[in-house]
Amino acid sequence: MQLQCSNQHCGESLPRDFAAFDCPKCGDLLELSCNGFQPDPIELKALWRDRRLSNDPADRSGVWRFREFLPDYSSDQIVSLGEGNTPLIAGHKTGAFAGLSNLQFKHLGWNPTGSFKDLGMTVAVTEARARGVKVVACASTGNTAASMAAYAARAGIAARVYLPKGRLSPAKVAQSLDYGAEIVEVDGNFDQALAMMTERKSSSEYFLNSINPFRVEGQKTTMFELMEQVDWNPPDFVVVPGGNLGNSSAFGKALRELSEARLIDRVPRLVIVQARGANALVKTLAAGSGQLEAVVEPKTCASAISIGAPRSWRKALTALNFTKGNVLDVSDEEILEAKSVIGLDGIGCEPASATTLAGIRRLRRTGEIGEHDRVVAILTGHVLKDPDIILKTHSERMAAAEVSA
Ligand code: F0G
């Protein structure tokens, strides 16, 4: 694998160990390239299935099982916590709520640190260790930090996390502390924390935000695993929350690679759902100027996606173009209502993840999604990632319980 510019009009290619994440020619983000890899689809699908019966840690990981599409490492280099292998769960009350006969959830919150970030971190921390990195760093709304801290601890690398002070769930800060990370609190929002980290240019820090192309590679495998779970018969829609837009970009890249390698013969439409108070991609598409329309003061109850200037916005647009997808925003009220219904299905998730159900419901109402379309919503974070918001939502029930006790 080698690095290349994600802007197809630029065409710059670079060696895999190139230090920066931006293209030196045009400034767009870099990505890793499989260079037209053309496996035998039937053989490869059988190999991936057989690996599920193996006890080799690389085969048991839901990321490394798909290693033919990942950067190459020897098995003793891989830093894994047994990530991936997350279930597809049918939505019952949620299906009725959205008006759908076939709604399923892929719950990435059921990963080792409770979010989808683990899928990317296993690859990026493996790369960091292979490069001999001593300190990894990220700015975060909480989940990236927790995940990086855990994988860095496994790898014996120091972790430094830049967190927007007072703006994230305490449960996530607690995780980073538990895994031994050094915490730098930044007076400002996520965008300011990210800017501060990159501007410091501490030469010893290797950044593990989703601008790091190795993160994207690991997150890509969600689509590989999903397609396997639906017997390679792609759903009509895949719906994902949008924050810094790394995950949407990873899914777009995965779907392109799966389609080019003839592992799928149809591409699902990707729907990105943002919170109304942090809807930079929605505004950018509406303006159509080819420039990012950033949100200066992002504000939403879904703190994980309270991001005003998503770094991977161009990659996300490429993903939407390739999949004939769509982006929309939903209000905090819609997010919290959808979150409660996901809870009533016995599934649960953090607020950012619930944007998916709120978005699906809206697109069902406008007719963009049909009643019998097959829809998969990607839940990105575990219900216990943000207990405060649950207690707040249900404070009246709590008060009633106290009286009757
Ligand atoms: N859902 C959850 C639970 C998240 O934590 C994030 C991002 C997203 C969705 C959005 O994903 O950024 O790839 O578009 N959390 C980052 C963090 C920003 O620092 O934990 P994205």
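A residue counts as buried when its relative accessible area is under 20%. By that cut-off tryptophan 232 is buried, because its relative accessible area is 15%. The structure discussed here is a predicted model. This briefing treats the surroundings of the ligand and then several individual residues.

**Ligand site**

**Backbone contacts to the ligand**

- A polar backbone atom of glycine 243 is placed 2.7 Å from an oxygen atom of the ligand.
- For asparagine 247, the distance from a backbone N or O atom to an oxygen atom of the ligand is 2.8 Å.
- Glycine 246 has a polar backbone atom 3.1 Å from an oxygen atom of the ligand.
- On its own the ligand has 470 Å² of accessible area, of which the protein covers 99%.

**Buried residues in helices**

- The side chain of asparagine 143 forms a polar contact of 2.8 Å with the side chain of glutamate 350.
- Threonine 356 is part of helix H13, which spans residues 351-365.
- Threonine 356 is classed as buried because its relative accessible area is 0%.
- Between threonine 356 and glutamine 38 there are 318 residues of separation along the chain, and their C-alpha atoms are 33 Å apart.

**Loop residues with positive phi**

- Tryptophan 232 is located in the loop that connects helix H8 (213-229) and strand E10 (237-241).
- The phi angle of tryptophan 232 is near 60°, a positive value in a residue other than glycine.
- Arginine 262 is located in the loop between H9 and strand E11 (269-275).
- Arginine 262 is likewise not a glycine, and its phi is positive at about 60°.

Note on methods
Residues numbered from 1 in each chain as written. Predicted model: local features only at pLDDT ≥ 70, side-chain atom pairs only at ≥ 80, totals over all residues. Heavy atoms only, no water. Polar contact = N/O pair within 3.5 Å; in protein donor to acceptor, adjacent residues only side chain to side chain. Areas by Shrake-Rupley, 256 points an atom, 1.4 Å probe, with all protein chains shown as cover. Helix = DSSP H or I, 4+ residues; strand = E, 2+ residues; numbered from the N terminus. Buried < 20%, exposed > 50% of the residue type's maximum accessible area, 1.4 Å probe, protein only.
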